[in-house]
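Dear colleague,

I am passing on the structure below, together with notes on what came out of it. Please read the notes with the coordinates open beside you.

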Amino acid sequence: MATIDTRASGLTKQEPLWKRYVPGHHWRTQDDEFDAAKIGIWLFLATEVLLFSGMFCAYAVFRMLYPEAIAAGSGYLDWRFGGINTVVLLISSFTIAMAIRNVQLNQQKWATINLSITWLCAAGFLAIKFIFEYGPKWAEGKRIGNLFSYPYASTDHEHIWWSIYYMATGVHAAHVLIGMGLIAWLIYRQRKGAYGPTHYTMMEGVGLYWHIVDLVWIFLFPLLYLVH
Amino acid sequence: MAHAPAEHAYDPKDPHGFHAHDHDHGHVIVSWQTLLAVLVALLILTALTIFQAQFEIHADKTWGWDIPGWVNIVLAMVIATIKGSLVVLFFMQLWYDKGVNTVLFLFTIFAVWLFLMFTMIDLSGRSTIVQWRGGEVVAGGSGVGIKREGFGGSALHVTVRENYIAEQGYTQEEFDKKLAEKHASHTRKPHGNSKDHSRVPTGLTPGLFSTGPWAELAEDEHTGKGKSDH
């Protein structure tokens, strides 16, 4: 159905939640509410981009000052882990976009499957990051600034590289973790029938957030793992 | 939407029908073919960016080609920008969406650009604009000034190394051998002309590069006549 029906009357408890959804009384239609919510999410994403731009700026500054440390530092990273994680995040971005398409078409079973794949990809990303990257590196003494204790450093400023690395990827990993919580909530609500063709505002919002997490990694990956 | 019959068009939230004809805006259902095509494009671009970085190392090791560093970073950033644009346009649907969201996003990118540019202008312009200030900046970033037991006085990595050697009871030769082993396993050796590999640091604060591998360069570029006789 192309028209979005905002009439709440006449709908019984047998109808799914998304059909019974009534927008806030200050909205004329569900569309108005949806559009306003979406602008709100975009504003939030703007602050997210600015948050990460601070880290990209730090990277640029220290790359300019100590190119040797950045070159040596990126040499410690294995592009294979970064590459796998890039693929994992790209797939998860695709599946959450597909999940939104699924609820728009009321394909509830497929929506659950796609959301679950997204969640598993997020978990996989963090598992690879912690088990193969953070863990061994921290144990070797490749740590943030003052905590740096790696005896085989080849340049003067390697601890600065590790500060940038842990801060940028760590804040990104925190976003992945928050995203996992949000996606888990989406799965729970979606199983209850909360999202459907006329109402899926929360899925759209979380979807946009998840894509921004992907977008940040698209830039972090080459800067940290590939460029030297 | 075509005109609906009167009884269907009645809406208790909109009794006068102000919005009866624009209900179907803003909800685009992107086809799965489009989404899949974008994913495939993103994966191919990821492979491409990894390939170009690996190719530089391979060309250096095998044929001794010294590809300048800017080629690597420019290619990587161009590919990342294309990937990011695909995500924003199709996964985030800005291609189909209302213009206001695009304006918001572009303004954010503009703000990021301002932020990066003004920082870079500051860094690259230091001591070329106000030369007398250049000498006031102390050598930074090496951890010389760390206030912690057993630290301070020399660069952080030197302190860490000395402590480690003392702790393990290595002789210098033993340690040097281990050091060489550690760095032999690196997939990427420090680039041949690492001093100016990424960027020639002209115009930077002199004091910053007076120690370590920068010392030679600092003598070349920053301690010439005219800069210190203020």
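In which loop of chain B does Gln93(B) lie? Gln93(B) is found in the loop between helix H3 (69-91) and helix H4 (99-125) of chain B, where helices (H or I, at least four residues) and strands (E, at least two) are DSSP runs, numbered from the N terminus.

Before going further, please note that this is a predicted model, in which local features need pLDDT of at least 70 and side-chain atom pairs count only at pLDDT 80 or more, while totals for chains, interfaces and linings use all residues. Residues are numbered from 1 along each chain as its sequence is written, chains are lettered from A and ligands numbered from 1 in the order in which they are written, and side-chain values use heavy atoms, with hydrogens and water left out.

The phi of Gln93(B) is near 65 degrees, a positive value in a residue other than glycine, and at 11% relative accessibility Gln93(B) counts as buried (under 20% relative accessible area, with exposed over 50% and partly exposed in between, using a 1.4 Å probe and protein chains only). In chain A, Asn106(A) also is not a glycine and has a positive phi, of about 60 degrees; Asn106(A) sits in the loop between helix H4 (79-104) and helix H5 (108-140) of chain A and, at 36% relative accessibility, counts as partly exposed.

Chain A has 7 helices and 0 strands, and 61% of its 228 residues are buried. Of the contacts in chain A with a separation of 6 or more, 77% come from residues 24 or more positions apart, contact meaning heavy atoms within 4.5 Å.

One helix pair in chain A deserves a look: H2 (residues 30-65) and H7 (residues 201-226) pack at an angle of about 15 degrees, with their axes 10 Å apart (axes are lines fitted to C-alpha atoms, for helices over the stretch in contact, and angles run from 0 to 180 degrees between N-to-C directions). H2(A) is therefore roughly parallel to H7(A), a term that covers angles under 35 degrees. Among the residues that meet there are Phe34(A), Trp42(A) and Tyr59(A) in H2(A), and Leu208(A), Tyr209(A) and Phe219(A) in H7(A).

As for cysteines, Cys57(A) counts as buried at 4% relative accessibility, as does Cys121(A) at 13%. The count of disulfides over all chains comes to 0, a disulfide being a pair of cysteine sulfur atoms within 2.5 Å.

Conventions:
Angles under 35 degrees count as roughly parallel, over 145 as roughly antiparallel, 65 to 115 as roughly perpendicular and the rest as oblique.
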